[in-house]
Amino acid sequence: MPNSLLLLLLVVLRAVAGDSGDAAGDAPDPCSGRRIHIRTLPPRFNAQLLRHCDAAFPLADPSAAATSAPSCESLANHGLGPRTHARSHSWYRTDARLLEPFFHRRLLERGCLVADPAAADAVFVPYYAALDSLPYVLDPALLNSSALHGASLAQFLARDRPQILSRRHGHDHFMVLAGSAWDHSQPPRSEPRLWGTTSLVRLPEFENFTFLAFESRSWPWQEHAIPHPTSFHPASLPRLDAWLARARRSRRTTLMLYAGGVSRPSRPNIRGSILAECANRTDACVVVDCSAGKCSHDPVRYMRPMLGAKFCLEPPGDTPTRRSTFDAILAGCVPVFFEDAAARRQYGWHLPPARYDEFSVHIQKETVVLGGVNIAETLAAVPDAEVRRMRERALEMAPRVLYRRHGSTTELREAGKDAIDLAVDGVLRRIRRRVLALDQGQPERIYAQEDDIVET
């Protein structure tokens, strides 16, 4: 072969090799925009709070001690709690207040974690906030000190490697709050102090953080609601599929079910109307008494009746949202809401607002309490085919609102996103938008809520 041809062949081969390398280099980065740095905190802000679970401030409310799992027992399985029985593979006696350590554990399994905070798109602060609040909300002697909840963490973050916090003024930081944001949003200087609340969310040092809480306030620019944990935490796809198949084939002979407190209110409200109607329509309504924490760690008590009901009534209580909503979805019991604040305006990342009519029924509470609307008659008028369709849509939503077990199989992880996956996706979207607004000098865009209605 002439030297000129040999040289031309080498040039062509190098060009092809170069194109291949460029193609590989142009492959999309799976971690682009998804890198998270987990902030290292002194153990007094997380691990030590677990170590002293049986000391002066137990996780279980002493008034409900007879029906609650022992506080330290609730820490089993990284916060999922003990199994409901020896042969259980997916059901646990879960204390919702332990979502913080469980979320932390699950985040450690996630890909795209980075050790360098400067390379991170978001910074997770593994502070077990609800656990640290217990002294302030359970000890009367500390009532007037409840504004101090979280203050020591704020001081630590400002002092230890302050450039992490100052880089984006906290807009890229997020943490989990296993409770309602309302319970931690008392103004720091308010007097007298309100019993059972703290000022964590209202501390100036955290005003730019994103909090993932069980319930958000009316204008949640600081927080976003994530589902209340149920007791079902599958670790494999066959376990999940087996439960959903059971819910689909369950024979439902009860029209409607209410699970919750049964004390009659002193003033007319939707719960009182439901209890009165159920007392008069025992043929159509089942009431599961969950007073005094009876259902807190005993999923059999309410899940079995839910499997036999067509509709589950979800009235607001002390606050608008209820864990029962997610138990109902998991059981294929079509939830019946009485106000939008109960779910539609809360869980946009997990239950797309535009799809609520597909898997739930809405009856305005005023029409029942003041207008004489009969709930049983309203639900009985829904055609059976429509009920079956809504049940199927609810069960399709179920994987989005459950918290799968840590260490779950690759098959289950690849089958779809669970509550934590969707929460992380949502918080990354929110942080990405806020940082962009910050970089572009558009502060008015920082607090927009468009990311809440993105369907994934």
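1. A crossing of two helices is called left-handed if the near helix is turned anticlockwise from the far one by less than a right angle, and right-handed if it is turned clockwise. By that definition, the crossing of H10 and H14 is left-handed. Please keep in mind that this is a predicted model, in which local features need pLDDT of at least 70 and side-chain atom pairs count only at pLDDT 80 or more, while totals for chains, interfaces and linings use all residues. Residues are numbered from 1 along each chain as its sequence is written, and side-chain values use heavy atoms, with hydrogens and water left out.

2. Helix H10 (residues 324-331) packs against helix H14 (residues 384-401) at an angle of about 125°, and their axes are 7 Å apart. Helices here are DSSP runs of H or I with at least four residues, and strands are runs of E with at least two, numbered from the N terminus. Axes are lines fitted to C-alpha atoms, for helices over the stretch in contact, and angles run from 0 to 180 degrees between N-to-C directions. H10 and H14 are therefore oblique to each other, given that angles under 35 degrees count as roughly parallel, over 145 as roughly antiparallel, 65 to 115 as roughly perpendicular and the rest as oblique.

3. An open sheet holds 5 strands in the order S1-S2-S3-S4-S5, with parallel pairing, where two strands pair if DSSP finds at least two bridges between them. Strand S1 (36-38) and strand S5 (223-225) stand at the edges with a single partner strand each, so one side of each is left without a neighbour in the sheet. S2 and S3 run parallel and are joined by 2 bridges; Val123 has His173 in S3 as its bridge partner.

4. Rings of Phe, Tyr and Trp (its six-membered ring) pair if their centres lie within 6.5 Å, and planes under 30 degrees apart count as stacked, over 60 as edge-to-face and the rest as tilted. The count by this rule is 13 aromatic pairs. One of them is the tilted pair of Phe124 and Phe174, at 5.1 Å centre to centre with 45° between the planes. Phe124 in strand S2 (residues 122-124) and Phe174 in strand S3 (residues 173-180) are 50 residues apart.
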